[in-house]
Amino acid sequence: GKDMKTFKKVLASALAAAMVVTAFPVTNAEAATKAKLSATKATVYTGTVKTIKVSAPAGATVKATKSNSNIKIAYSKTTKTLKVRGVKAGTAKVNVKVTKKGAKKGTNLKATITVKNEAIRVSGASVIAVGEKATLKTATAPKGAAVSFKSSDDTIATVDEKGVVTGVKAGKVTITATAGKASKDVEIEVKNYVLKAVKQTKANEFEATIIGATKNIKPADVTMKNTTTNVVVPVK
């Protein structure tokens, strides 16, 4: 009987020790799945989507709500992600309530979302010659947004998907660059020919660089004027 009591005591203490040992991994597992968001602040542009990861204990209930209509939200149980779409410029608050299985109270996780309008800037030549090509440069917010281009009159100037404008005939044209909901107009004048550069090659000789429909240029079309005396010098 005495040996049996000793055995039971040893067994009880061994079980207690085993329980203590197994308690550590459980605590670590719970810490690893503590309720949290991958971002508490985020910027999203109108028409674009930002993804926020939601960490939650296994079996927990997740419910997401938003403060206003500046954004649209959708939570996916399978990927444990919250997708936030920008609707209109402004700010919005997101609340993600994570309730552990069997718990009465949940944990509220909050994020502030700033919604900005898409923007585009365009730069390039304002005057080009017939047959000349000029590339429009663009800068967008968000960076790297896809840009499309359109000409108001393809008979005056055409534009391709890379923003390369080609002069077709003399006239004025509007090129529109669009990124999402943002767009910018650029006015371009197409001339039959454009004087690009003039340099003096000899004491009595100048070299002019003219582009465009140069075959139509007559010697009488080219003149030189002394800007001090306003005297027009004949050109050979």
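These legends accompany close-up views of a predicted model.

**View 1. The whole chain, in outline.** The chain has 236 residues, and buried residues make up 24% of them. Its secondary structure comes to one helix and 21 strands. Of the contacts with a separation of 6 or more, 49% join residues 24 or more positions apart. The accessible surface comes to about 16,300 Å². Carbon and sulfur atoms account for 56% of that surface.

**View 2. An open sheet of three strands.** The strands run in the order β11-β15-β14. Their pairing is antiparallel. β11 (133-135) and β14 (157-159) are the edge strands, and each pairs on one side only. Neighbouring strands in this sheet are turned by 20° against each other on average, direction ignored. Strands of a sheet pair through backbone hydrogen bonds, either parallel or antiparallel.

**View 3. The β11 side of β15.** β11 and β15 are joined in the antiparallel sense by three bridges. Where does K133 point us in β15? K133 stands opposite T166. K133 lies in the edge strand β11, which spans 133-135.

**View 4. The β14 side of β15.** β15 covers residues 164-167 and pairs with β14 over three bridges, again antiparallel. Which residue of β15 is the bridge partner of T158? That partner is T166. T166 also stands opposite K133, a residue of β11.

**View 5. The turn from β14 to β15.** These two strands form a hairpin with four residues between them. How many bridges pair the two strands? There are three, in the antiparallel sense. Within the hairpin, G163 takes a positive phi near 85°.

**View 6. A nonpolar patch on the surface.** The patch is formed by L195, V198, F206, V222, M224, V231, V233 and V235. Together these residues have about 630 Å² of accessible area. M224 belongs to β20 (224-225), and V233 belongs to β21 (232-233). V231 sits in the loop between those two strands.

View 7. Is V231 buried, exposed or partly exposed? V231 has a relative accessible area of 46%, so it counts as partly exposed. Patch members need over 30% relative accessible area, and V231, at 46%, therefore clears that cut-off. Its neighbours in the patch include V233 and V235.

Terms used
Residues are numbered from 1 along each chain as its sequence is written. This is a predicted model: local features need pLDDT of at least 70, side-chain atom pairs count only at pLDDT 80 or more; totals for chains, interfaces and linings use all residues. Side-chain values use heavy atoms; hydrogens and water are left out. Two strands pair if DSSP finds at least two bridges between them. Axes are lines fitted to C-alpha atoms, for helices over the stretch in contact, and angles run from 0 to 180 degrees between N-to-C directions. Patches are made of residues with over 30% relative accessible area and no salt bridge: like charges are joined within 9 Å, nonpolar side chains (Val, Leu, Ile, Met, Phe, Trp, Tyr) within 5 Å. Accessible areas come from the Shrake-Rupley method with a 1.4 Å probe; for residues, only the protein chains shown count as cover. A salt bridge is a side-chain nitrogen of Lys or Arg within 4 Å of a carboxyl oxygen of Asp or Glu. Buried means under 20% relative accessible area, exposed over 50%, partly exposed in between (1.4 Å probe, protein chains only). Contact means heavy atoms within 4.5 Å.
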